[in-house]
Amino acid sequence: KRDIEKSYPRAAFVAKLRRFADAIENGERFSIQIAGERIVVPAKARFNIEHERSAEEEEIEFQIKWGKE
């Protein structure tokens, strides 16, 4: 089990989002390294957007989910 949250500088975050959007648009898998581990997101992954709100903050999560192959 793994649950990691990693922060990135704005430019690095934007670059990752652009690469990811291009992969989705082209129907390709996407590879990203997070906290030292290489993750491969298959082209058939599912996507959703989640919004959470509390008294102290709000959060938007872009979620990508897939099953074990």
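Analyst: Let's start with Q63, which counts as buried because its relative accessibility is 18% (buried means under 20% relative accessible area, exposed over 50%, partly exposed in between, with a 1.4 Å probe and protein chains only). Keep in mind that this is a predicted model, where local features need pLDDT of at least 70, side-chain atom pairs count only at pLDDT 80 or more, and totals for chains, interfaces and linings use all residues. Residues are numbered from 1 along each chain as its sequence is written, and side-chain values use heavy atoms, with hydrogens and water left out.

User: Which residues does Q63 touch, not counting those up to four places away in sequence?

Analyst: Contact means heavy atoms within 4.5 Å. On that basis, Q63 touches R46, F47, N48 and E50.

User: OK, and how many salt bridges are there?

Analyst: Side chains of opposite charge can pair when their charged atoms come close. The rule asks for a side-chain nitrogen of Lys or Arg within 4 Å of a carboxyl oxygen of Asp or Glu. That gives two salt bridges. In one, E37 pairs with R2, with the closest N and O atoms 2.5 Å apart. These partners sit 35 residues apart and link distant parts of the chain. The other joins R53 to E58, at 3.5 Å between the closest N and O atoms.

User: Is R53 buried or exposed?

Analyst: R53 is exposed, since its relative accessible area is 62%. For the other pair, E37 is partly exposed at 34% relative accessibility, and R2 is partly exposed too, at 39%.

Note on methods. Helix = DSSP H or I, 4+ residues; strand = E, 2+ residues; numbered from the N terminus.
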